[in-house]
Amino acid sequence: MQAVDPPREPILTLPGALTAYVALLAVIHLRVLLPPDLEYWTIEMFGFIPMRYDSTLLATPFPGGTAAKIWSFVTYSLLHANLSHILFNVLWLLPFGSALARRFGAVRFFVFMAVTAIAGALAHLVTHEHAMAPMIGASASVSGAMAAAIRFAFVQGSFLSFRRGDAETAALVPAQPLSRALRDPRVLGFLAIWFGINIVFGVGSIAIGAEGASVAWQAHIGGFFAGLLLFALFDPVPRARPGADGAFPES
């Protein structure tokens, strides 16, 4: 009797955790259907506003009070200015977030997205002290997911390698140690392109999403570094072990 191989999951099929995350973004975005005053109130309540943390006596009161100072470190990442803004983030997230959600599982994935959002907010706060303009959007978390995914994306059998299997297998290949990943020409090329794009958007003041809105590129970088450096804390897959000669297997 001939053995039958188990069905292979297509590499582009979305895992449940990512589907739930995208659905959450979509449902929350329905707030744009609210009357303009109420819709902007949701941004003031849940967006990240550096002025909210001003300790001076002239600090401006914002909706939500002290509680908003805590939740807005994460909730801002669930708000988007318009359809193009949310689509831009989702399209970047699909290939990298899919692999990461399969690898981490739902709980780790959602916690990771929250942690990278917090890192992005902290970077924005440090570089935009006293700013009143609200920051919204999932870009910091998306950047963190991209950074985490490149720790294993180019390893043989993973989702960006030339040889890859089904989606589950591709997402579970052992990751490269960070020191080795940063010597991989493909990873370095990815980093150069990613930082180049963010520099162009930041220095050139190119807007995405709301007309006239600037790109919070410092938050992108904060989320990216958090994803790159904290990946190992979330990763359930054992690291690749060096061979007898002390070298790690080539990808």
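Which residues does Ser72 touch, not counting residues up to four places away in sequence? Select Ser72 and show its surroundings: the residues it touches are Phe46, Gly47, Phe48, Arg52 and Tyr53. Touching here means a contact, with heavy atoms within 4.5 Å.

**Before going on**

This is a predicted model, in which local features need pLDDT of at least 70 and side-chain atom pairs count only at pLDDT 80 or more, while totals for chains, interfaces and linings use all residues. Residues are numbered from 1 along each chain as its sequence is written, and side-chain values use heavy atoms, with hydrogens and water left out.

**The whole chain**

Colour the model by secondary structure. The protein has 10 helices and 0 strands. Helices (H or I, at least four residues) and strands (E, at least two) are DSSP runs, numbered from the N terminus. Read from that end, the elements run α-α-α-α-α-α-α-α-α-α.

Of the 251 residues, 44% count as buried. Buried means under 20% relative accessible area, exposed means over 50%, and partly exposed is in between, with a 1.4 Å probe and protein chains only. Among contacts between residues at least 6 apart in sequence, 77% join residues at least 24 apart.

**Stop 1**

Go back to Ser72, which is found in helix H3. Ser72 is buried, with a relative accessible area of 0%. Its side chain is joined to that of Tyr53 by a polar contact of 2.9 Å. A polar contact is a pair of N or O atoms within 3.5 Å; within protein, one must be able to donate a hydrogen and the other to accept it, and residues adjacent in sequence count only if both atoms are side-chain atoms.

A pair of aromatic rings is described by the distance of the centres and the angle of the planes. Rings of Phe, Tyr and Trp (its six-membered ring) pair if their centres lie within 6.5 Å; planes under 30 degrees apart count as stacked, over 60 as edge-to-face and the rest as tilted. By this rule the model has 19 aromatic pairs. One of them is Tyr53 with Phe73, a tilted pair with 5.4 Å from centre to centre and 55 degrees between the planes. Tyr53 lies in the loop between helix H2 (36-46) and helix H3 (65-75), and Phe73 lies in helix H3, so the pair ties together parts that are 20 residues apart in sequence. Tyr53 is partly exposed at 22% relative accessible area, and Phe73 is buried at 16%.

**Stop 2: helix H5**

Select residues 106-127. This is helix H5, with 22 residues and a reach of 32 Å from its first C-alpha to its last, close to the 32 Å expected at 1.5 Å a residue. The expected span is 1.5 Å times one less than the number of residues.

Which helices do the buried residues of H5 pack against? They pack against helix H1 (16-29), H3, helix H4 (83-104), helix H6 (139-149) and helix H10 (217-234). The buried residues of H5 include Phe109, Phe112, Met113, Thr116 and Ala117.

**Stop 3: Phe152 and Arg103**

Next, show Arg103, which lies over the face of Phe152 at 4.2 Å from the ring centre. A charge sits over a ring if NZ of Lys or CZ of Arg is within 6 Å of the ring centre and within 35 degrees of the ring normal.

Arg103 also meets Asp235 in a salt bridge of 2.7 Å, N to O. Arg103 lies in helix H4 and Asp235 in the segment after H10, so this pair ties together parts that are 132 residues apart in sequence. Arg103 and Asp235 are both buried.

**Stop 4: the other salt bridges**

A salt bridge is a side-chain nitrogen of Lys or Arg within 4 Å of a carboxyl oxygen of Asp or Glu. The count by this rule is 3. Select Glu39 and Arg31, whose closest N and O atoms are 2.1 Å apart; both residues are buried. Then select Asp184 and Arg186, which meet at 2.9 Å, N to O. Asp184 is buried at 7% relative accessibility, whereas Arg186 is partly exposed at 33%.

**Stop 5: His130**

Last, select His130 in the loop between H5 and H6. His130 has a positive phi of about 75 degrees although it is not a glycine. At 39% relative accessibility, His130 is partly exposed.
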